[in-house]
Amino acid sequence: MTSNDIQRRIPHTNPVLNLIRTGLRRGLISARIQLTTPSEIFGTVVMLAIFIGTLFFMRGSTFAGATVDLGSTGFPGIIAMGTIFGGVMGIVSVLSMDKTNGTLLRSKSVPGGTAGYLIGEITANVINTLVTSVTLLIVGLFLFDGLDFASPARWLLFITVLVLGLVSTLSIGAVLGALMSNPKFMGLVMMPVLGLIAISGIFYPIVALPLWLQGLAQAFPLYWLGLGLRSSLLPDSMAAIEIAGSWRLEWVFIVLGLWAVLGLILAPKLLSRMARRESGSAVAARRKGVAEQWGV
Amino acid sequence: METAHPGSTPNSTPIISVSDLRMVYGSKTVLDGLNLDINADEIVAMLGPNGAGKSTTIEILEGFRSASSGSVSVLGADPITGDSGWRSQIGIVLQASSDHGKWRPRQLLSHLSDFYRPYVDPWPVDELLGLVGLDEQADQKLKTLSGGQRRRLDVAMAIIGRPSLLFLDEPTTGFDPRARRDFHDLIHRLSDLEGVTIMLTTHDLAEAEALSSRIVILAGGRIIADGSALELTHAIGRTAEITWIQEGQRHMHVTEDSTSFVRELLASDQDSPITDLEIRRATLEDAYLSIVEQFESGSDLDTQTFEGAQL
């Protein structure tokens with residue numbers, strides 16, 4: 001180095017591989033923190049316990065013409081709902097919190113940090129959601145004897161539908177999280193998700209709803225995720241109470257696939273736009289907004 | 001200009017070079033033709049009233065914000081297009097941070113250090129924890145750290161990749177005097193031992209004086225003064241204020257040559273002894289206030305360079 005040169009650093013190992021590895025390790029740490037922090041999991045556990053409890057008391061009744069009780073019928077929908085909540089709300093809240101507390105800005109100040117951060121937080125979310133789904137599945141298999149999960153074909157179907165649903169809801173969550181500049185707008189995401197849960201045949205067969213609501217629900221991934229999971233967990237005879245009297249598996253894959261593609265196209269662009277705009281004054285402004293919101 | 005290390009001759013390429021930098025938000029001009037060169041090993045403090053454009057300047061230099069016009073070069077690259085190798089050479093201590101509240105210092109430092117591995121051997125985490133005095137808090141959640149501990153961790157995170165250039169944005173806001181002193185020692189150590197070039201913003205003039213080899217004052221989107229603390233104070237006034245008590249009376253005298261005045265004063269005090277003698281020179285605070293006031297009263301100064309001021 002001569003006195004007139006500024007020494008530049010060049011990578012001596014592959015920086016992309018390094019940031020992917022570091023991002024995945026971040027995912028493990030982050031998932032462990034979230035799964036072992038009581039305040040983080042309390043809300044999810046209570047909510048799911050209430051829903052399962054409700055279904056548990058619906059075991060006694062059946063939908064007209066169905067061979068399986070309403071508790072078992074509704075159960076796959078709880079897993080679908082947990083996935084949507086974990087995927088959409090989970091990633092939206094992590095992104096908006098981390099934009100406000102400066103975690104994203106910190107990541108941006110580190111070489112390859114933004115990509116590493118996103119890989120890490122998405123990985124953590126996948127782990128959390130899978131842990132939640134598998135726990136639910138085990139609990140459900142004990143509680144609801146109308147479920148049929150006794151063949152490898154069903155296991156494969158369950159995993160495939162769950163992973164596809166996770167990819168589509170996560171990428172939608174990433175899009176919404178990137179667009180949302182401030183955690184005070186969480187409600188704006190929460191309301192449509194709750195609305196979607198109400199109309200997607202999660203707790204009660206969708207054929208009981210007016211036709212226009214059935215049409216609306218079928219435009220979104222939640223209904224199809226629920227349908228796919230029901231087909232993997234319920235006896236085939238239960239297809240009778242679905243729309244068109246069929247599991248329509250081809251449409252499960254088409255619709256979930258389309259949403260996944262849409263999300264995967266949009267999410268990277270919006271996330272990098274979000275990261276590009278991140279700066280100390282942006283974080284300060286957001287904090288001020290949150291402080292005003294909470295009156296502190 | 002004071003330079004602490006050899007090699008930072010005025011001829012070497014500046015670490016930071018900014019010319020005619022402008023930043024306009026809508027109709028509001030925040031930076032209005034800013035020029036600044038910073039050489040290797042300097043510790044530069046940037047002062048200025050709120051809204052003078054300090055944070056905007058720092059954010060542009062950090063590559064977090066693009067300027068409206070002008071040219072910026074930091075470590076030989078335009079910050080906004082700086083690659084990861086460039087990024088690995090920049091350390092940033094952000095303004096008040098509350099990120100990673102559920103992580104632990106050792107865990108977080110070790111995670112962040114992994115990002116630097118393709119470019120440099122990062123500081124060993126335990127050594128770094130010792131350097132910033134956080135050995136005991138190494139496995140405590142970040143949100144349980146005190147303000148001063150948290151700030152020292154911020155510095156640890158900023159230097160873990162052995163940066164050539166370190167930015168600190170109001171690093172000691174909310175520190176108690178002891179924490180502030182420890183923090184200053186740490187910054188000096190980084191500059192002396194590691195040869196890091198440092199740029200900081202602060203509202204604390206005593207801090208600017210204690211830390212920096214050079215002070216730039218920003219106002220109205222331009223640099224209105226540039227020099228060492230001593231140069232700035234000498235430039236606004238060479239007079240000293242001398243006060244003493246004689247025969248129960250308090251006396252005061254203002255002069256440029258305090259030494260000879262005091263010599264004569266003490267030589268003539270046989271009849272009635274002098275007590276409580278004090279000599280007070282203009283402080284950096286006086287200099288700062290007077291420079292900013294001059295600027296705000298509209299006297300159109302070109303960037304005052306105080307290098308020529310006689311000491």
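What follows is a short chat about a predicted model with chains A and B.

Reader: Let's start with chain A. How many helices and strands does its secondary structure come to?

Author: Chain A has 11 helices and 0 strands. Read along the sequence, the pattern is α-α-α-α-α-α-α-α-α-α-α. Keep in mind that this is a predicted model.

Reader: What does the C-alpha trace of chain A span?

Author: About 85 × 45 × 35 Å along its principal axes.

Reader: And what share of chain A counts as buried?

Author: Chain A has 296 residues, and 52% of them count as buried. The chain exposes about 13,400 Å². Carbon and sulfur atoms supply 72% of that area.

Reader: Which residues form the nonpolar patch on the surface?

Author: Leu35(A), Ile41(A), Val45(A) and Val131(A). Together they have about 270 Å² of accessible area. Leu35(A) sits in helix α1, residues 15–36 of chain A.

Reader: Why does Leu35(A) count as partly exposed?

Author: Because its relative accessibility is 32%.

Reader: New topic: salt bridges. How many are there over all chains?

Author: A search of the whole structure finds 24. One of them pairs Glu242(A) with Arg230(A). Their closest N and O atoms are 2.7 Å apart.

Reader: Where do Glu242(A) and Arg230(A) lie?

Author: Glu242(A) is in the loop between α9 and α10 of chain A, and Arg230(A) is in helix α9, so the pair ties together parts 12 residues apart in sequence.

Reader: Are those two buried or exposed?

Author: Buried. Glu242(A) has a relative accessible area of 6%. For Arg230(A) the value is 3%.

Reader: Now chain B. Which residue forms a salt bridge with Asp99(B)?

Author: Arg150(B), with the closest N and O atoms 3.0 Å apart. This pair links distant parts of the chain, 51 residues apart. Asp99(B) is in the loop between β5 and α3, while Arg150(B) is in helix α5.

Reader: Why is Asp99(B) called buried?

Author: Because its relative accessible area is 0%. Arg150(B) is buried too, at 9% relative accessibility.

Reader: What does Asp99(B) touch, leaving out residues up to four places away in sequence?

Author: Residues from both chains. From chain A there are Asn101(A), Gly102(A), Thr103(A) and Arg106(A). From chain B there are Leu142(B) and Arg150(B).

Reader: Back to Arg150(B). How far apart are the closest N and O atoms in its salt bridge with Asp154(B)?

Author: They are 3.3 Å apart. Both residues lie in helix α5 of chain B, 4 residues apart, which is about one turn of the helix. Salt bridges that share partners join Arg106(A), Asp99(B), Arg150(B), Arg151(B) and Asp154(B) into one network.

Reader: What does its side chain reach at 3.0 Å?

Author: The side chain of Thr197(B) reaches the backbone nitrogen of Asp41(B). Thr197(B) also touches other residues, including Ile15(B), Ile38(B) and Leu165(B). Pro163(B) is 34 residues from Thr197(B) in sequence, with 8.7 Å between their C-alpha atoms.

Reader: Last one. Which domains is chain B divided into?

Author: Domain 1 covers 16–89 + 163–234 + 285–305, and domain 2 covers 239–281. Their centres, taken over C-alpha atoms, are separated by 39 Å.

Key:
Residues are numbered from 1 along each chain as its sequence is written. Chains are lettered from A and ligands numbered from 1 in the order in which they are written. This is a predicted model: local features need pLDDT of at least 70, side-chain atom pairs count only at pLDDT 80 or more; totals for chains, interfaces and linings use all residues. Side-chain values use heavy atoms; hydrogens and water are left out. Contact means heavy atoms within 4.5 Å. A polar contact is a pair of N or O atoms within 3.5 Å; within protein, one must be able to donate a hydrogen and the other to accept it, and residues adjacent in sequence count only if both atoms are side-chain atoms. Patches are made of residues with over 30% relative accessible area and no salt bridge: like charges are joined within 9 Å, nonpolar side chains (Val, Leu, Ile, Met, Phe, Trp, Tyr) within 5 Å. Accessible areas come from the Shrake-Rupley method with a 1.4 Å probe; for residues, only the protein chains shown count as cover. A salt bridge is a side-chain nitrogen of Lys or Arg within 4 Å of a carboxyl oxygen of Asp or Glu. Helices (H or I, at least four residues) and strands (E, at least two) are DSSP runs, numbered from the N terminus. Buried means under 20% relative accessible area, exposed over 50%, partly exposed in between (1.4 Å probe, protein chains only). Domain bounds come from an automatic or database domain assignment.
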